[in-house]
Amino acid sequence: MQLLTRTNLQLAAYGLFIVVVMLLPLFMDVFWLNRISKYLVFGMLGIAISMSWGYAGILNLGQGLFFGFGAYMLAMSLKLASPTSLAQGSDEPVPDFMLWTSEPGAPIDLCCINQGSFLWIPFKEQWFGVAMGLVMPTLIALVLGYAMFRARIAGVYVAILTLALCLLVRLLVIDAQPLINGFNGLTDLGWFTVGGLEFDPYLVETYYLIAIITCLVLIGARWLVNTKVGVVLQAIRDNEERVRYLGYDVAVYKVFFFCISAAIAGLAGMLYVIAAEFASPTFMNIGFSISMVVWAAVGGRWSLLGACLGAILLNVVEATVSETETLVEAWQLIIGAIFLFVVLVMPRGLAGFIQQGADWGLDWLHQRVKERRIR
Amino acid sequence: MAAILEIEELEVNFRGFRAVDGFSMAVEEGELRVLIGANGAGKTTLMDLITGRTKSTGGKVTFLGDNITNRQEHKIARRGIGRKFQVPSVFKDLTVRENLEVAYTRSLSVWRNLAVRAKPRRVDRQIERALELSSLTEENTNLAGNLSHGQTQWLELGMVLMQNPKLVLLDEPTAGMTALETEKTSEIINSLKGEHSIIVVEHDMTFVRSICEVITVMHLGKKLAEGTVEQIENDPTVIDAYLGSGGITHA
Ligand SMILES: Nc1ncnc2c1ncn2[C@@H]1O[C@H](COP(=O)(O)OP(=O)(O)OP(=O)(O)O)[C@@H](O)[C@H]1O
Ligand SMILES: [Mg+2]
């Protein structure tokens, strides 16, 4: 049995990552754990980008749309769970901001305090919010993906379309002051609660909730790209036309991965709300969606773990840098420089670079073993 | 014997230019048909029309009794038509073995393929056979992008073999090959013969003689002649239009 193979080394890297993530609470206070849990969420976004961009060749510059949708869906439920929502002079929870903009004399009830407020009613059930946080991004991706990939829209046009849609939704959100507090977003949220356990963001349990889900997503994604669907998808990225003449329905494959990537982003949005206790239209800023792509490019978009680590590392570096006053201003410059450096020097990202090093090491080792045998 | 493929009065009009112009042809089951014609005669375009890559503006293509004219590419492929392109088309970022795995198209839907591992044992024997036939066993873990020109052509033939279609369209499978490589290619094609019906576009007459039964000559989008090698080589219209220009041995 050959133990030192490429695949085994990769699996070892995944294992190491999971072990480190699980052991981190032994070395860090809750303040840092909360920070890291947000970075793990970004790591999940890295995985989502790697799946769509790295594996399927779909450059989505509007991933923030799916992230934002996930975040808002859960935030609506948590808003209703907040003590302030129950202290608005009604037996039933009503978000405080709705009263600020309501017509004089309007009943303080979700049914009719304003025109759209009834949409909030099912969100009283937290699990409805959770379900919507997965369903909505997937559904949007399904419709958008189907429209784009059936019409064989590809490459830069996909990037432009997704970006435009994300910005459009951002505008709509900002405009919806009475319904979701517009520009200010949803703040003052209650805690996500499972069976009596309240996930206060500064609890170790909350860190573990996010860490475990991130690891599961990583493992699931890795499994997925190793099925035949994953291989066909890489073939599509390589030469879409050729795949068609083998009989595969290319659009269906692309839509499938686009939806998975959207669902992961939606899940990440929900976890972010749990860790950060707010949802805001800034989640749909262009800058944020582009950052995700940069993280994945630096980490290595052809590697799920690489893209995930790229997101985490860049954010850790950013956090460290921003402790120093003078460097804060320069951060944008620094990240730009890192991006340029990686793209020019290691086009396959950090993960690709390390993989290449490992491949050389393995070759050298196998050569040595062969020589020994001959002697 | 019943015709597996029947082309009737097929036509495509590229903004006034008819690259294929009222072309008709029938291919029998198990037959190997060679298609020749000068550069720009419309051979590749004809294959594009059969496989749905280009939509025809007139005429009809019938395959196994079904009208497949202008259907979607993947649907035509699923009916059982495989193709090797004139410009070798393999997946450069995948390994040789992965290329063959993708070409194994017994299961095509996303849902069914989720259950298929990337390296299924069941397919292994077929892959080994395809590797052997295309002499790529040694290279099976190499990236396809690192293969030589000849090897790339063979890999694509191996992929066609994995796909196992009823009708195989081969567009200049020996283009750019050395004499030795060409010989090996005709071996591969001969081994495909019988099990599959084949249409092959070829310029190299030595090669044509080594594999051929019936030749169809295409000229300016139309059928010029059809017959055995001897009949074609002695046909005055063919000599006038095509052989006379010195094209048939080289081109
Ligand atoms: N999409 C297109 N639009 C316009 N003209 C086209 C198109 N595709 C092919 N043609 C023209 O149709 C003619 C036939 O081309 P085709 O590639 O079928 O020739 P061929 O017989 O395969 O030649 P070769 O031996 O060079 O491969 C050429 O003049 C080509 O320029
Ligand atoms: Mg051609």
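Author: Two strands pair if DSSP finds at least two bridges between them. Helices (H or I, at least four residues) and strands (E, at least two) are DSSP runs, numbered from the N terminus. This is a predicted model, in which local features need pLDDT of at least 70, side-chain atom pairs count only at pLDDT 80 or more, and totals for chains, interfaces and linings use all residues. Residues are numbered from 1 along each chain as its sequence is written, chains are lettered from A and ligands numbered from 1 in the order in which they are written, and side-chain values use heavy atoms, with hydrogens and water left out.

Reader: In which sense do strand 1 and strand 2 of chain B pair, and over how many bridges?

Author: Strand 1 of chain B, residues 3–14, pairs with strand 2 of chain B in the antiparallel sense, over nine bridges. As an example, B:E11 stands opposite B:D21 in strand 2 of chain B. The two strands form a hairpin with two residues between them, and B:R15 there takes a positive phi near 40°.

Reader: Which strand is joined to strand 1 of chain B by five bridges?

Author: That is strand 4 of chain B, residues 58–63, and the two run antiparallel. Two bridges can be followed in the picture: B:E6 has B:T62 as its partner in strand 4 of chain B, and B:I7 has B:V61 in that strand. In a regular strand the side chains alternate between the two faces of the sheet.

Reader: What is the order of the strands in the open sheet of chain B?

Author: The four strands of this open sheet have the order 2-1-4-5, with antiparallel pairing. Strand 2 and strand 5 (66–67) of chain B are the edge strands, each pairing on one side only.

Reader: Let us turn to burial. Why is helix 1 of chain B described as largely enclosed?

Author: Buried means under 20% relative accessible area, exposed over 50%, and partly exposed in between (1.4 Å probe, protein chains only). Eight of the nine residues of helix 1 of chain B are buried, so this helix is largely enclosed by the rest of the structure. Among the buried residues are B:K43, B:L46 and B:I50. Just after the helix, B:G52 takes a positive phi of about 85°.

Reader: How does one describe the surroundings of a ligand? Which residues come nearest to ligand 1?

Author: A residue is near a molecule if one of its heavy atoms lies within 4 Å of it. Ligand 1 has 14 residues around it, of which B:G40, B:K43, B:T44, B:T45 and B:Q86 come nearest. Helix 1 of chain B gives the largest share of this shell, three residues.

Reader: Which residue has a side-chain N or O atom 3.0 Å from an oxygen atom of ligand 1?

Author: A polar contact is a pair of N or O atoms within 3.5 Å; within protein, one must be able to donate a hydrogen and the other to accept it, and residues adjacent in sequence count only if both atoms are side-chain atoms. The residue in question is B:N39. A backbone N or O atom of B:A41 lies 3.2 Å from a ligand oxygen, and for the side chain of B:H203 the distance is 3.4 Å.

Reader: Finally, is N114 of chain A buried or exposed?

Author: A:N114 counts as buried, at 16% relative accessibility. Its place is in the loop between helix 5 (96–101) and helix 6 (126–150) of chain A. A polar atom of its side chain lies 3.0 Å from the backbone nitrogen of A:S117, and one lies 3.3 Å from the backbone oxygen of A:P178.
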